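I opened this entry to note what I looked up: salt bridges, then strands, then cores.

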Amino acid sequence: MLVVSILMQTGLTTSAPMPLLMIVNNDSMECARFLPGDECMDCSPPAGWDILGPYDTCPEDYKLVNVNGICRGFENERCCTQKHTGASGDCRNLVMNNKTKECAFLKNASNCSLPSGWLKMPENASHPMWVCPLDYDWTQLNCT
């Protein structure tokens with residue numbers, strides 16, 4: 001019980017990804033195990049692939065292959081904070097202020113003029129690395 005209390009107070013919780021699903025492409029007679037996402041990302045199979053289910057097996061005479069889904073991260077505080085569990089969120093609209101130790105989301109942050117001290121994601125930054133530090137607070141900010 002103490003561990004649960006500590007995890008809740010620190011905001012660190014773990015969550016499991018969704019169960020793997022079996023997907024099939026009946027035209028190519030291929031099948032694949034597919035991860036539909038987790039709490040920070042949603043994935044759908046590529047065109048031509050159908051979802052069977054978590055306990056279905058690859059049909060007889062089908063070849064088991066690896067397939068990458070079409071994934072989109074979620075834009076929310078949890079998925080854009082350092083050391084969160086799960087896949088990378090969509091943090092492109094995250095802005096931060098290192099002086100006040102604050103983070104915020106702005107619609108179309110790349111096209112906004114930010115108030116003094118606020119930074120948007122650098123063009124050369126990788127999406128998984130542009131996240132809000134753990135010791136920063138989340139706030140509301142408007143584009144100017």
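**Salt bridges**

I began with Glu-39, which forms a salt bridge with Arg-78, the closest N and O atoms being 3.2 Å apart. Glu-39 sits in the loop between β3 (37-38) and β4 (41-44) and Arg-78 in the loop between β7 (70-73) and β8 (94-97), so this pair ties together parts 39 residues apart in sequence. I noted that the model is a predicted one.

I looked up accessibility for both partners. Glu-39 is partly exposed at 24% relative accessibility, and Arg-78 is partly exposed at 32%.

I counted 3 salt bridges by this rule. One of them joins the side chains of Asp-90 and Arg-92 at 2.7 Å, N to O. Asp-90 has a relative accessible area of 18% and is buried, the cut-off being under 20%. Arg-92 is partly exposed at 48%.

I also found Asp-135 and Lys-101 meeting through their side chains at 3.2 Å, N to O. Asp-135 lies in the loop between β10 (118-120) and β11 (137-138) and Lys-101 in the loop between β8 and β9 (102-105), so the pair ties together parts 34 residues apart in sequence.

**Sheet**

I traced an open sheet of 4 strands with mixed pairing, in the order β5-β1-β2-β6. Its edge strands are β5 (50-53) and β6 (63-64). Strands β1 (21-25) and β2 (30-34) run antiparallel and are joined by 5 bridges; Val-24 stands opposite Cys-31 in β2.

**Cores**

I found 10 residues in the largest nonpolar core, among them Cys-80, Met-121, Trp-130 and Tyr-136. Apart from this core lies another, of 9 residues, including Ala-32 and Val-65.

Notes. Residues numbered from 1 in each chain as written. Predicted model: local features only at pLDDT ≥ 70, side-chain atom pairs only at ≥ 80, totals over all residues. Heavy atoms only, no water. Core = buried A, V, L, I, M, F, W, Y, C linked by side-chain atoms within 4.5 Å. Buried < 20%, exposed > 50% of the residue type's maximum accessible area, 1.4 Å probe, protein only. Pairing = 2+ DSSP bridges. Helix = DSSP H or I, 4+ residues; strand = E, 2+ residues; numbered from the N terminus. Salt bridge = Lys/Arg side-chain N within 4 Å of Asp/Glu carboxyl O.
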